[in-house]
Amino acid sequence: MSDPLSRRTLITTGLAAAAGAAGLGIAARLADRYALIPPDDGGIFGVGETVTYAAQRLLTRHTLAREYNRSDISKIAPVKGPPPEDETYQRLSAGGFADWRLKIDGLVARPSFFSLDELKRLPSESHVFHQACEEGWSFIAEWTGVPLSYVLNLVGVLPQAKYVVFFGFDTNFDAADKQTIKGKWNSIDMADAWHPQTLLAYGMNGRDSLPAGHGAPLRLRLPRQLGGKSTKYLSWITLTDTVKDIGQGFGAGGVERGFSWYAGI
């Protein structure tokens, strides 16, 4: 059996050489051979996104995002956009989210619903991460929650699952017609889903709850990607083998909004 590091180095070198010497198209075909194609390979970013994603996956798959000290926490944590205004969210918020449930389904052995209290009883972690926005602003904050990998192990991920899709409260989805999704949603691959720093966060800066503007009651924290990928106001998580037929673009952080699917930093 060949050395995985040597194989990774060989593929990465091949991608770089193909991109530099013979064009991005050849590099993209090489990435396809090793299943390193992102969902938006045919979007406005084209093969350039494929080369970027493939190189990132080969070189940084297991690397950790930098963690900071509590003394580094920013005095101001900017908020992008108001909380959901729909009646359901407002009612749940007024009740302290006691009746809120996180739905997890799709390619899992045990589709489940989790209350906020149930999530808080699971093993928790706190991390101080830097969050950078696509618009140029950033801040450092402490996030408390349960590792996504722990929850995925509870529901049992099926072998054919390739992506985890996150939906917020403002998502409008008709299960009978997958082309009617509107609102904010995001997806990540299984490498990011299993990463030890990927967190389902329910607390911020020492508090056991999130401020409304930062995604209460639950949000994704994905420290190795730009902030737009860390979906706020979570209501539903589903696992799937493709994200190309889910709906109208990739929502926040996706090709429809002008951002690449993989927003690694």
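## Burial and the R224–D192 pair

A residue is called buried here when its relative accessible area is under 20%, exposed when that value is over 50%, and partly exposed in between. In this predicted model, R224 and D192 are both buried by that criterion. The two residues form a salt bridge in which the closest N and O atoms are 3.1 Å apart. Because R224 lies in the loop between strand 10 (219-221) and strand 11 (234-240) while D192 belongs to helix 7, the pair ties together parts that are 32 residues apart in sequence.

T198 itself is found in the loop between helix 7 (190-194) and strand 9 (199-204), and with a relative accessible area of 1% it is buried.

Leaving aside residues up to four places away in sequence, T198 touches P147, L148, D192, A193, L220, R221 and L222. One of these, P147, is 51 residues from T198 in sequence, yet the C-alpha atoms of the two residues are 6.0 Å apart in space.

## Other salt bridges

The structure holds three salt bridges. One of them joins the side chains of R70 and E142, with an N to O distance of 2.7 Å. R70 lies in the loop between helix 3 (46-60) and helix 4, and E142 in strand 4 (residues 138-147), so this pair ties together parts that are 72 residues apart in sequence.

Another salt bridge links D105 with K103, and here the closest N and O atoms are 3.5 Å apart. In this pair D105 is buried, with a relative accessible area of 16%, while K103 is partly exposed, with a value of 30%.

## The two ends of helix 4

At the start of helix 4 (residues 87-94), a side-chain oxygen of D86 reaches to within 3.1 Å of the backbone nitrogen of T88. After the helix comes G96, whose phi angle is positive, near 65°.

Methods. Residues numbered from 1 in each chain as written. Predicted model: local features only at pLDDT ≥ 70, side-chain atom pairs only at ≥ 80, totals over all residues. Heavy atoms only, no water. Polar contact = N/O pair within 3.5 Å; in protein donor to acceptor, adjacent residues only side chain to side chain. Helix = DSSP H or I, 4+ residues; strand = E, 2+ residues; numbered from the N terminus. Buried < 20%, exposed > 50% of the residue type's maximum accessible area, 1.4 Å probe, protein only. Contact = heavy atoms within 4.5 Å. Salt bridge = Lys/Arg side-chain N within 4 Å of Asp/Glu carboxyl O.
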